Amino acid sequence: MPFGPIIRAMRHNRMRFAFIILEIAITLAIVTNAVNMILDERKKMLQPSGFDDDNLVSIAYQPFAPEFKEQSYVEALVQKDMRAIHSIPGVKAVATTYFLPWQGGGSSGVWKTDRFNGKFQAQLYAARGEIFQTLGVKVTQGRAFVETDTPVDSNVPTRVTIISRALAKKLWGNANPIGHVITNGEGATPRTVIGIIDDFYNPYAWNIGEFVLFTPGRAYDTTGAVFLVRTEPGAMKSVVAQLEPRLLSVNPGRVFRIVKISDLKDQYFSGGKLVIRAMTAIIIILVFITALGIMGISSLAVAERTKQIGTRRALGATRADILKHFLLENWLVTTAGLILGVIGAYGLNVLLVSKLSDVKMQWELVAGGMVLLWINGLMSTVPAAMRATLVPPSIATRSV
Amino acid sequence: MLLYQLKIALTSLRRNPVITSLLIGGIALGICVSTTFIALRHVFEKDPLPGKSNTLFYVRLDNWDPQRAYVAEDPKSLPTMVTYRDMRELMKSNIPTRQTGTFRSRFFVHPDPKIGRPFAEDVRLVFSDFFTMFNVPFQYGGGWDKAADAKPEPVIVIDQNTNQKLFGGANSVGRTVRLEDRNYKVVGVLAPWNPPLRFYDPTQGLGPKVEPIYMPFNFTPILEIQTYGNSDGWKGNDGNGFQAFLNSDTCWLEYWVELPTPEKQQAFREYVNNYVIDQKKHGRFGRPLHTEVTSMPELTKELGVVPPQIRSLAIVSVLFLIVCSLNLIGLLLGKFIARIPEISVRRALGASRLQVFWQHIVECEVVGIAGGLIGLGISVGLLKMVAKVIPNGDVVHLDAEMIAVSIFLSLVAGLLAGIYPAWRVCSIPPAMQLKVQ
Amino acid sequence: MLEMTHIKKIYRTISIETHALEDLSLSVKAGEFVSVTGPSGSGKTTFLNVAGLLDTFDSGSYILDGKDVSRLSDREMSQIRNRTIGFVFQSFNLIPDLNVFDNVDVPLRYRGLPATERKARIENALSMVGLSARVRHLPSQLSGGQQQRVAIARVLAGDPKLILADEPTGNLDSAMSREIMDLLGKINDNGTTIVMVTHNAECSERAHRQLHVFDGRIADVDRPRVVLGSPVATPGLTATLN
Ligand SMILES: Nc1ncnc2c1ncn2[C@@H]1O[C@H](COP(=O)(O)OP(=O)(O)OP(=O)(O)O)[C@@H](O)[C@H]1O
Ligand SMILES: [Mg+2]
């Protein structure tokens with residue numbers, strides 16, 4: 001097909017084409033970056049915690065009654081509370097822990113160990129009771145905590161720890177992690193690894209979401225306690241309704257706060273959901289608008305050139321030639337827009353990417369976006385181009 | 001002249017209602033999307049204390065582990081808060097005109113049993129300067145004085161909700177509130193105060209609201225008040241007990257100073273550096289000397305209080321608006337070209353090129369404003385939807401500044417769409433061209 | 001070359017039927033130069049449209065260059081327009097976005113000729129109309145006569161057997177008209193058949209044979225030069241019909 005004359009002819013309407021080229025370029029830049037952001041948010045959302053999120057609920061109490069000032073009283077009360085929670089129909093397991101899945105943080109520390117150069121950062125949570133049954137994670141190597149792991153004196157540090165598979169891998173590769181010792185950053189408070197849990201993920205700054213140490217410590221003191229409860233599927237509502245009355249009957253001198261983990265998770269992802277919904281809407285509207293724009297410009301181009309089309313037909317152009325002419329013209333415009341758009345896509349990516357969450361533009365995405373907009377461009381030209389083929393050649397002899 | 005042009009523009013727009021509504025719809029679409037997300041960003045990024053935030057500075061010291069930076073991968077990083085002992089020492093300076101160390105805790109409020117059961121409430125511990133520094137609005141009374149700081153006197157400031165709960169909204173200044181096992185005298189009741197971010201606490205990000213109760217900081221060592229916010233430590237305490245915690249290298253306080261002049265800023269920076277250099281002699285601060293005295297706007301930017309996604313949405317939505325208005329160029333071009341005969345007659349009758357140009361720009365701006373107003377209306381609804389999705393969403397709304405921005409954007413969008421078509425038609429020669437085609 | 005018998009062409013709009021061609025019969029031999037005159041609205045352009053396969057007709061038969069063209073597909077008609085026929089229009093019909101060279105190139109492109117041959121033909125045609133120096137000009141940068149010469153070059157480059165011209169001098173002054181007529185005459189001398197519609201008596205004089213269209217029928221007014229056979233008597237007309 002005659003590229004040369006088409007391009008030379010287009011130069012006479014270059015402003016008009018320039019706008020469409022710009023529009024297509026920006027569309028590509030937006031679409032690719034929006035999809036990139038959507039994929040990134042989805043990836044975060046699809047990352048499983050490893051826990052039975054939907055059946056987990058946390059209940060924390062804060063005491064105001066004077067008897068709570070006694071550590072020994074609290075010690076006995078927490079055991080009573082756990083039994084009370086356990087007796088609620090539909091409760092599968094309960095533990096006390098400061099760990100709260102999906103709250104977007106938690107507690108962490110800096111640690112050292114043998115055979116690992118330097119220090120590393122990992123989350124740290126004290127927990128008592130059936131913590132792993134409650135979370136729904138499996139101890140795949142070694143053993144779970146037993147009651148005697150928790151020192152009787154609350155001032156004595158714990159001696160053992162159970163860590164996540166990902167952390168064991170990072171520290172010792174494929175070697176057996178059981179029996180290794182992890183200390184704090186100064187080399188004090190040594191703890192022996194006695195078990196490995198599989199699949200732990202709790203989003204945390206510094207990318208330590210998969211790294212955790214659990215210790216058999218107390219997640220309660222004279223200022224209050226937190227219980228994590230796992231229910232049978234479907235029993236959440238009835239369990240939540242009974243939690244507070246049951247514990248109030250054990251001791252009424254305190255107030256409670258109940259949080260469903262599914263709600264926490266929803267809240268944690270609220271920003272991501274907003275991004276996904278907004279970006280999806282923007283992509284759809286944008287592709288639609290660009291299609292409308294191309295349709296408008298191409299029918300204008302056809303309407304303006306009726307006489308010219310008739311002349312071409314008179315000079316021997318077949319209908320197919322006319323169709324090809326307009327599709328080719330559009331293809332050139334779209335392609336120019338897309339080439340500019342590739343630069344735009346990467347440019348916008350640089351602008352949008354923050355230091356914290358760098359979601360790099362993938363070339364597959366850019367290629368995909370180009371194909372989409374190519375098809376979009378061609379489809380949007382077809383109506384006008386079809387109309388052009390219907391221009392009769394006798395238009396050529398008609399006086400204006 | 002403008003009025004006459006406005007009249008022609010309206011006539012011309014009425015003549016072709018389909019195209020006109022397409023044009024207005026296009027602008028409205030772009031404006032509603034861009035206004036929504038710019039407003040969202042604006043709510044969280046706008047200066048909480050216009051005219052003042054530049055004089056408020058947040059202090060940070062790198063007292064972290066000599067072997068490992070605060071953020072291990074970034075050797076330039078430093079803790080986001082300061083230690084109790086450093087804050088105490090630095091507060092001895094009289095360079096700042098005002099200053100406060102502050103943190104968040106949680107207390108039990110014991111109301112009159114007739115009113116209800118005890119409830120736990122967030123309490124912020126502050127120095128008296130806090131209220132002036134952050135323009136805290138009062139309905140009744142005010143903050144406490146320096147004497148109350150020093151002693152400390154059992155005084156508190158409560159917010160409107162708490163005042164409603166405890167005293168039925170009456171002027172409660174002078175009355176007492178029991179927190180845990182002590183009574184405190186109410187000295188001030190806040191007017192409604194709902195900044196979108198707890199801007200004096202940059203460690204919290206989006207979400208948490210300002211605290212309902214404020215009490216003198218100096219109760220901290222006396223009552224052994226523990227923080228309910230973040231605390232970052234890298235090293236155990238020397239010994240047990242609360243005093244050991246206060247003396248430790250654990251960072252858990254926010255420390256703000258007011259430095260109105262560049263001289264004071266300079267002097268205070270030197271003072272902080274000298275303090276750290278002196279501490280090094282005592283074996284603390286093992287890392288290279290690094291202190292930051294950062295103004296509030298810079299700090300907000302640096303700590304990225306606003307999630308990057310909100311910024312991205314705002315940028316993308318502006319580009320979206322550009323596409324919307326570029327899209328209208330074709331439509332306007334078609335509309336204007338169809339009008340060429342009319343225009344050449346007008347030109348022959350003496351309309352100047354500039355008049356024809358303005359005529360069409362006015363027409364585009366009428367479309368822009370109309371689309372902008374509709375888009376603004378839609379974005380109010382969109383923002384309501386967005387507010388439901390994000391935490392602390394009830395602070396999201398359109399303020400006067402955003403409405404102005406939105407109108408301005410619609411004018412720009414109208415101009416962007418119209419300038420080329422208008423230029424095309426104004427270059428039509430006065431009489432019909434003699435040459436065919 | 002061109003053999004029309006009993007051609008009828010009716011334009012139908014919602015309310016009116018216009019009988020633009022009413023039983024038109026005509027024969028033009030190869031190498032002839034025929035002019036067609038007639039009052040406005042008599043059907044001259046319609047005749048030219050039908051002759052040039054720009055429009056269909058309702059009944060009758062039409063044999064062009066020995067081939068029956070009454071029942072051809074659009075594609076075949078396009079091909080004949082492209083190869084056998086050359087058009088010269090009253091309003092030149094140059095493509096405003098293309099320069100002189102590209103304009104002459106248009107029909108050659110549709111014919112799918114190789115680039116070198118196209119170039120040779122274009123340059124040759126432009127030199128014949130004396131516009132070799134203007135290849136890069138746009139139509140809007142040329143005078144009317146020059147534009148029409150480009151249009152003629154466009155015809156020449158295609159080397160057609162038949163040239164159909166609709167008032168080629170209608171938009172030109174008399175000096176220019178003469179120049180264009182000289183050109184057409186030269187082309188005809190080389191053996192190309194020309195059928196030209198014109199209002200201009202002077203132009204009409206240049207033709208070998210002058211036909212007159214009246215109410216959609218054709219009359220041969222140039223009695224001395226009548227060379228065509230198969231006369232069909234038609235009442236009411238002053239001349240022999242073809
Ligand atoms: N597309 C059409 N639809 C309907 N009627 C038409 C159409 N084209 C031509 N006519 C009618 O057919 C008749 C012949 O028209 P034509 O254009 O052939 O005349 P003409 O001889 O070329 O006139 P002129 O010298 O003014 O150019 C006229 O009455 C005209 O109104
Ligand atoms: Mg005519």
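Colleague: What makes β2(A) and strand β11 (residues 224–231) of chain A a pair?

Modeller: In this predicted model, β2(A) and β11(A) are joined over five bridges in the antiparallel sense. Pairing needs at least two bridges, so the two strands qualify. One of the residues involved is A:Ala95, whose bridge partner in β11(A) is A:Leu228.

Colleague: Which sense does the pairing of β2(A) with strand β4 (residues 120–129) of chain A have, and how many bridges join them?

Modeller: β2(A) and β4(A) run antiparallel, joined by three bridges. The threshold is at least two, so this is also a pair. Here A:Thr96 faces A:Arg128 of β4(A).

Colleague: Why is strand β2 (residues 91–97) of chain A called largely enclosed?

Modeller: Buried means under 20% relative accessible area. Six of the seven residues of β2(A) are buried, so the rest of the structure largely encloses this strand.

Colleague: Turning to chain C, why are β2 (17–28) and β5 (67–68) described as standing at the edges of their sheet?

Modeller: The sheet is open and has four strands in the order β2-β1-β4-β5 (chain C), paired antiparallel. β2(C) and β5(C) each have a single partner strand, so each has one side without a neighbour in the sheet. As for strand β1 (residues 2–12) and strand β4 (residues 59–64) of chain C, five antiparallel bridges join them; C:Thr5 stands opposite C:Ser61 of β4(C).

Colleague: How many residues are in contact between chain C and chain A, and how much area is buried?

Modeller: With heavy atoms within 4.5 Å as the criterion, 26 residues of chain C touch 23 residues of chain A. The buried area is about 2,400 Å², and carbon and sulfur atoms give 56% of it. C:Leu54, C:Asp97 and C:Tyr110 supply 26% of what chain C buries against chain A, more than any other three residues.

Colleague: What makes the pair of C:Asp74 and A:Arg319 a salt bridge?

Modeller: The closest N and O atoms of C:Asp74 and A:Arg319 are 3.7 Å apart. The limit is 4 Å, so the pair counts as a salt bridge. The count between chain C and chain A is two.

Colleague: Which elements give two or more residues to the side of chain C that touches chain A?

Modeller: They are α1 (44–51), α2 (74–83) and α3 (100–111) of chain C. By class, that side has 10 nonpolar, seven polar and nine charged residues.

Colleague: How many residue pairs are in polar contact across the interface of chain C and chain A?

Modeller: Nine residue pairs meet the rule, both residues being at pLDDT 80 or more.

Terms used: Residues are numbered from 1 along each chain as its sequence is written. Chains are lettered from A and ligands numbered from 1 in the order in which they are written. This is a predicted model: local features need pLDDT of at least 70, side-chain atom pairs count only at pLDDT 80 or more; totals for chains, interfaces and linings use all residues. Side-chain values use heavy atoms; hydrogens and water are left out. Buried area is the accessible area (1.4 Å probe) that two parts lose on being put together, summed over both. A salt bridge is a side-chain nitrogen of Lys or Arg within 4 Å of a carboxyl oxygen of Asp or Glu. A polar contact is a pair of N or O atoms within 3.5 Å; within protein, one must be able to donate a hydrogen and the other to accept it, and residues adjacent in sequence count only if both atoms are side-chain atoms. Ala, Val, Leu, Ile, Met, Phe, Trp, Tyr, Cys and Pro count as nonpolar, Asp, Glu, Lys and Arg as charged, and the others, Gly among them, as polar. Buried means under 20% relative accessible area, exposed over 50%, partly exposed in between (1.4 Å probe, protein chains only).
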